[in-house]
Structure formats: C-alpha cells, structure tokens
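These are my notebook entries from reading through one structure. I wrote down what I looked up, entry by entry, and kept to what I could find.

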Amino acid sequence: MQKILFVINPVAGGKSVNKKNLLSQIKDNLAPETEYDIKVWETLSQNDEIHSMISDGDYNMAVAAGGDGTINFVAQAAMKSGIPVGVIPFGSGNGLARHLGIPLNTVEAIKALSSGNDITIDTGIINGNMFVCTTGAGFDALIGNLFSKSTGRGFFNYAKMTLQQLVNYKPNEYTIIFDGQTIKRKAFILALANVNQYGNNTYIAPQADLQDGLLDICIIKPFNAFQFPGLGIRIFNKTITKSPLYEYYKTKKVEIHFEGNDPVHFDGEPVMMGNKLEIEVQPGSLTVVVP
C-alpha cells in the first residue's frame, strides 16, 4: 500500500485546476499493479496544516501539484519527514520540473510518479528560508513582487510586466562576500541558482547542477537598449555564460549587502528581508521523484 498526499494549488499558473478531474486522472494513471491510499488537499498558500498533515500522516510521498512556490512548501514538510516529493507542474514557469525533465503534461507527470526513480538534490537557505530553485535580488525580484500583486498570470503577463518596468529600472550595487573574497558589483540581476532556469526555459544559470553541493552566483550587469535583444536571446538559448554582461561563481555560502530596502525572492515568492542576505547550500537535502 502506497500512501500519497497530493497538495494542489488550484490557481497555479493562472489555471483553474479541477480537484475532481485531477483525482480521476491520478487514479487512472498511477501504476495499476500497486494499491494506493490517496488524499488530495487544496491550498492557495503555505500553512501549518499542510506541514502537520505531511509530518503526521505516515505518507510514502508528498506530491506538489502547482508551481515552484507550491513545491517549496511541500518540500519543507517532506524534508522533515524524510519522504520524497513528486511534482505535477501547474505553475507559470515550472523551473524545477523543466530542469529535472518532469513532463509538463499532467497525465505523463502522474505516470512518472509510479514509474520514476528517487534522487537526492540540493536545496538552499536564505536568511532562514528554504528554497529549491533560485533566490536573489535585483530586477527579477522587483518583477516577482509586482507579479504577485497582479491578477494576470502566465508567461505573457510576466513578459509584458518585464517590458513595462525595464525602461526606468535603476540597478543597485551589491557587496558579495564568499570563499574569502569580497567583490562589489552593480547588477541588473543578482541571482543564486540551484537549478538552471527561472522557468519557461529562461536559463539564468545553464551551468547549474542540482547535485554538486554548490550554488551559482549569477550576475547580469547593467546594459543598454541595444544590448538587450542579444542578452535575451542568450538567456533562452543557454549561451548567457558567453556574454560579457554575465559573470558567475560557484560557492557553498555567500553574504550579500546592499543599500535600500529592495525586494528579494525565493522560488518566485517575493519578500522584504532587509539589506543583508546570508545564503547557504544544503547538499543532498531533498528527495525528488524523476522520470
């Protein structure tokens, strides 16, 4: 008997997820030779009930049916219980699913839950908050903050908001301390990446490895209007590391200082954390089911 909890974000990625339809798809597409005890729970945000349900429920797997934010809070509880996390990607970007090759098709993702393998991956911590995919400050955090307050979801709304804010954005300067060195950089984006992309195949860190015990410090320097199209192409075709506007380092731990009270994000969730960030990798801390 396999006992599985499915945690659904019913509005992830701007989609309206029907709980009854999804439950029917789950029952129809999990391996028939195994007996399952399935519970489906809907939630719009992280809450203590989900954590206690996973920690006290004696589950064999917890499945996040949503985006990277949903995966984040399901993973937090699953890590404490030592059970694997499955993913049914319903998000706007689905960065973790794309990195791991988890099908974006719902039926195929469900099938992979019973036919796939367990692997251990790294996670990270920023000022005491766990992240699975990316964290950081700069323009992406600003857009994440605005996007979270917007009624529109999905890639095209995100792209529209990005273009609207691009013209007037003023990059901040960051002091970055890691591995015995201190560097100062004015940065359009300063990201710490565990996975290779934000989602939607926007590769902020094409060199990132979820199992190397390291985080990738990714710096995109300020650029002009003429440089923007080429930079955009490189982010989508995985050649951003060849751009003179891009700089990256691999590290286990980093401290970042900056002026002002800019927003920060982790796994797409915008927060205000002040102007000192302490970020560290947690090697091999999460078990995930992959095809």
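**Entry 1: a pocket and its lining**

I began with the second largest pocket of this predicted model, and I noted for the second largest pocket a volume of about 180 Å³. I then looked up its lining, which consists of Leu 163, Leu 166, Val 167, Tyr 169, Pro 171, Phe 188, Pro 222, Phe 223, Asn 224, Ala 225 and Phe 228.

**Entry 2: Phe 188**

I picked one of the lining residues, Phe 188, and found Phe 188 in the loop between strand 9 (181-187) and strand 10. Is Phe 188 buried or exposed? I noted a relative accessible area of 9% for Phe 188, and because buried means under 20%, Phe 188 counts as buried.

I also listed what Phe 188 touches, leaving aside residues up to four places away in sequence: Gly 138, Phe 139, Leu 166, Tyr 169, Pro 171, Ile 220, Lys 221, Pro 222 and Phe 223. As a check on distance, I looked up Asn 117, which is 71 residues from Phe 188 in sequence and 38 Å from it in space, C-alpha to C-alpha.

**Entry 3: strand 7 and its sheet**

Which residues of strand 7 lie on which side? Thr 134, Gly 136 and Gly 138 are on one side, Thr 135 and Ala 137 are on the other, and both faces are covered.

I then looked for the partners of strand 7. Strand 7 pairs with strand 10 (residues 189-193) in the antiparallel sense over five bridges, and Thr 135 has Leu 192 as its bridge partner in strand 10. Strand 7 is also joined to strand 14 (residues 264-266) by three bridges, again running antiparallel; here Gly 136 has His 265 as its bridge partner, and Thr 135 stands opposite Phe 266.

Stepping back, I found an open sheet of six strands in the order 12-11-10-7-14-15, with antiparallel pairing. The edges are formed by strand 12 (246-251) and strand 15 (269-271), each of which pairs on one side only. Neighbouring strands of this sheet are turned by 20 degrees against each other on average, if direction is ignored.

**Entry 4: Thr 134**

I returned to Thr 134, which is found in strand 7, and noted that Thr 134 is buried because its relative accessible area is 5%. Not counting residues up to four places away in sequence, Thr 134 touches Leu 192, Ala 193, Val 195, Gln 197, Tyr 198, His 265, Phe 266 and Asp 267.

**Entry 5: Ile 126 and strand 5**

Next I turned to Ile 126, whose place is in strand 5 (residues 117-126). Its relative accessibility is 0%, so Ile 126 counts as buried. How far apart are the C-alpha atoms of Ile 126 and Leu 277? I found 6.6 Å between them, although the two residues are 151 residues apart along the chain. Leu 277 is also one of the residues that Ile 126 touches, and the others include Phe 131, Thr 135, Val 264 and Phe 266.

For strand 5 as a whole, I noted nine bridges to strand 16 (residues 276-290), with the two running antiparallel, and Val 288 as the bridge partner of Ile 119 in strand 16. Strand 5 also pairs with strand 6 (residues 129-131) in the antiparallel sense over three bridges, and Gly 124 stands opposite Phe 131 in strand 6. Two residues lie between the strands of this hairpin, where Asn 127 takes a positive phi near 45 degrees.

Terms used. Residues are numbered from 1 along each chain as its sequence is written. This is a predicted model: local features need pLDDT of at least 70, side-chain atom pairs count only at pLDDT 80 or more; totals for chains, interfaces and linings use all residues. Side-chain values use heavy atoms; hydrogens and water are left out. Buried means under 20% relative accessible area, exposed over 50%, partly exposed in between (1.4 Å probe, protein chains only). Helices (H or I, at least four residues) and strands (E, at least two) are DSSP runs, numbered from the N terminus. Two strands pair if DSSP finds at least two bridges between them. Contact means heavy atoms within 4.5 Å. Axes are lines fitted to C-alpha atoms, for helices over the stretch in contact, and angles run from 0 to 180 degrees between N-to-C directions. On a 1 Å grid over the protein atoms alone, a cavity is a set of points where a 1.4 Å probe fits but cannot get out, and a pocket is an open set with protein on both sides within 12 Å along at least five of seven lines; lining residues have an atom within 4 Å of a point. Grid points are joined across faces, edges and corners, and a volume is the space filled by probe spheres set on the points.
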